[in-house]
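Student: Please take a close look at the aromatic rings in this model. How are they paired, and where do charged side chains sit over them?

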Amino acid sequence: MLTPLQPPTLGAVGQHPLSLARRYRPAWLRRPTPTGAWNSLLTVAAVVVTVVLGWQQRWISDDGLIVLRTVRQLLAGNGPVFNIGERVEANTSSAWTAVLAVAGMLPGVQLEAASLMVGLGCAAAGFGLGVDAARRLHLPTGGAVLLPAGAAVLLALPPTREFLTSGLETGLITLWLAGSWWLLVRVARGARAGPQPWLAAVVLGAGPLVRPDLGIFAVVGLLALVALLRPRLLRLLALAGAAAVLPVGYEIFRAGYYGLLVPNTALAKEASGQRWGQGVLYLQDTVATYWLWVPLAVSLLALAALLLRGTNGWADRWATVLVAAVPVLAGLLMALFVVRVGGDFMHGRMLLPAITALLLPVFALPLTRWTLLPLVAVAAWTWVCVAALHVEYGSQISATTGIVDEREFWSHYLEVKHPVRAVEFIAVNGTVRTSVAAVEHAQSPAVMMLQGGLAYSYWRAFPARTDVGHITISYLNLGMMAAAHPLDVRVVDSVGLANPIGAHATAIFGGRVGHDKDLPLAWYVADEVPRGTKTPVAFPSDVPYARAALQCPAIAEMLDSVRAPLTAQRFWDNLFGAPARTELRYSRIPQRAAACDS
């Protein structure tokens, strides 16, 4: 029996099937609402604004040129070293070195331009991920309009805009912080069974490779990841293995290859020491200059109000609170670490990762009655900061703290608005410029020393021992001097960044942070100049003591760890001797070091 054509069946709530189909279409097929479109464009805007501001402040620092020396050695096949025949890790960020080495493999790429563009690209991507993570945190179901609170605060700070480039790893740090937190937010929002938890574990574990002190954020983030997943024992062990594979693998390589547990820069700057007084001055130099407590306080108060009310469609309020607390707690601990070690000589730079972490949960905030006043306060502070707040010492080194606005200093010194090439540093510095001709005319092996004249100082080559086999030149501004000379010229510094003898020496009490290991010239003479050679040493009697000190078992073994051929036995000895070698210190004064009581 034929039945009449039935009308389409309605859903349980009286909806037509076509309406149901429209409702359950994938999000990327739905027509965006004006609010949704605004919130999505906010991420794009964060990227674009970061690129524009970074390009307006583009530059490269002398320290950025230090990084490029290792990259050049790596690309030339000499290994990740600063000087041929001396395994010294002169770069703090092994990940940044690797990234630039990959960029340098591209045909026709100039390394200075690569470091500038890659750093800016990483920073821009980090700001984009930070805004998107905040959107996912606060508006999992959409609804309210988002405004860029924390992102605006961070970009308003002059140190942020200056270090969006610079040739250093700050842009990569921004990307890692934002990317790690973005993955944690994804896990907190329900992505707990797919690849996101494993990717989060690997990325968080890689933090110490981006910069060793980011291990603080990595540990806090990994603990939060375990709390979110509550995995069984086997999965927990697998996640721990995923997080440990990169840092542990590299640490084994570092200990065996370089003979240390930390980068050589950590020894040169005594990152394990305590300089609380100087650290407080460094904190004040950034926070007080820009009234930074104002936007931090009001933004975090707005975050607390949102978390306490929990009315934004949070399926798991506990997970939301946990993932929002991760960057805040990690940021406070990172700032505490910076204060403990005494900060840095570069204005604001060392505190930027901590400030970025603190602001991540409020990179974007929903506009509600609870956030209206904080958002207005942030907007007002942003305008005042950009228009009127700056350091008092300008392009000079602060006479009271030793801190300097690095970009302003080099721009003023070089008389170039955007110093982005090594030749701009070399052309202005007469000492570096004249060293080029002096090295070219020197008969290798030789040790180059500054000789005082009636009107000016000049470089003079002193013969080195026949077993040395290279020219050595020492200068404080390591980056520009290294850029001026071929890779087979050994370039070292008195503060120990690329000098193993200087790195293990004690510092000058109360010296300028980051530059307080001023190695006397007698050590250079004792290390490479034959006995009986007259050299321009202020205290010639120090040279015999320095020679005796270099024969001390601990010091001699330290030098073998970086200079002896890298055989399997040498790698093994380096690996197991790394803890004691990392702790090795001796007096910078040769007469005291010669006692071999370090």
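Tutor: There are 13 aromatic pairs, counting rings of Phe, Tyr and Trp (its six-membered ring) whose centres lie within 6.5 Å, with planes under 30 degrees apart called stacked, over 60 edge-to-face and the rest tilted. The model is predicted, so local features need pLDDT of at least 70 and side-chain atom pairs pLDDT 80 or more, while totals for chains, interfaces and linings use all residues. Residues are numbered from 1 along each chain as its sequence is written, and side-chain values use heavy atoms, without hydrogens and water.

Tyr257 and Tyr258 form an edge-to-face pair, because their planes stand at 90° with the ring centres 4.9 Å apart. Both Tyr257 and Tyr258 are buried (under 20% relative accessible area; exposed is over 50%, partly exposed in between; 1.4 Å probe, protein chains only).

Trp523 belongs to helix H24 (residues 521-528), and Tyr586 to the loop between helix H27 (568-583) and helix H28 (590-593), so the pair ties together parts 63 residues apart in sequence. Helices here are DSSP runs (H or I, at least four residues), numbered from the N terminus. Trp523 is buried at a relative accessible area of 0%, and Tyr586 is buried at 3%.

Charges also sit over rings (NZ of Lys or CZ of Arg within 6 Å of the ring centre and within 35 degrees of the ring normal). The charged end of Arg69 is over Phe82, 5.3 Å from the ring centre; that of Arg230 is over Trp318, 5.2 Å from the ring centre.

Technical notes. Helix = DSSP H or I, 4+ residues; strand = E, 2+ residues; numbered from the N terminus.
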